[in-house]
Amino acid sequence: MSQETTPAPGVAGGTGRSAGPLDEVDRRILHELARDGRLSIRTLAERVHVSRTNAYARVERLMRDGVITGFQARVAPEPAGLGTSAYIALTIEQNTWREVSAELAQVRYIEHAALLSGEHDVLALVRAPDNATLRDVVLERVQSIAGVLSTRTWLVFGEFDGTQSPWS
């Protein structure tokens, strides 16, 4: 049996469709790399009980298929000087999401944004050094983007990660 999974015809990264089914070894690899993206292939192979060659080939395939999109450090916002966090919900003009998304991607302090269905159209996570900077991000930068009709802001008082990785 091949270690490679072949995507269905026409399936490509970024289309919202899966590249192929993940088996138990793939899920264990993702779990270990999500916990520590700095693992060597040797350590990863030992932890998931496969050969180094198999681990390397699987990681390469997961990257090629767009399942693994990169490796980065997880930064704690407060110790890094970003003590104010908030979610901003945006209501935008119909058919402006491409332009609004492109502008939001350029706004300093926006860590993540998602296109939604429901009452609001976009939800953005902002991490700023202080309330004054957050105010400027919302009132001066985000609300000035063409196509943004309104915003609603929720301050974050505390955060936690879930204890159950989807890759376990």
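Trainee: Which strands does helix H4 lie across, and at about what angle does helix H4 run to S1?

Mentor: This is a predicted model, in which local features need pLDDT of at least 70 and side-chain atom pairs count only at pLDDT 80 or more, while totals for chains, interfaces and linings use all residues. Residues are numbered from 1 along each chain as its sequence is written, and side-chain values use heavy atoms, with hydrogens and water left out. Helices (H or I, at least four residues) and strands (E, at least two) are DSSP runs, numbered from the N terminus. Axes are lines fitted to C-alpha atoms, for helices over the stretch in contact (heavy atoms within 4.5 Å), and angles run from 0 to 180 degrees between N-to-C directions. Here, helix H4 (residues 97-104) lies across S1, S2, S3 (122-128) and S4, at about 160° to S1.

Trainee: In what order do the 4 strands form the open sheet?

Mentor: Two strands pair if DSSP finds at least two bridges between them. The order is S2-S3-S1-S4, with antiparallel pairing. The edge strands, S2 (110-115) and S4 (148-155), each pair on one side only. Between S1 (residues 84-92) and S4 there are 7 bridges; Thr-91 has Ser-150 in S4 as its bridge partner.

Trainee: Which residues of H2 are buried?

Mentor: Buried means under 20% relative accessible area, exposed over 50%, and partly exposed in between (1.4 Å probe, protein chains only). In H2, Leu-44, Ala-45 and Val-48 are buried. Helices H1 (24-35) and H3 (52-64) are among the elements covering the buried residues of H2. Arg-42, also placed in H2 (residues 41-48), is exposed at 52%.
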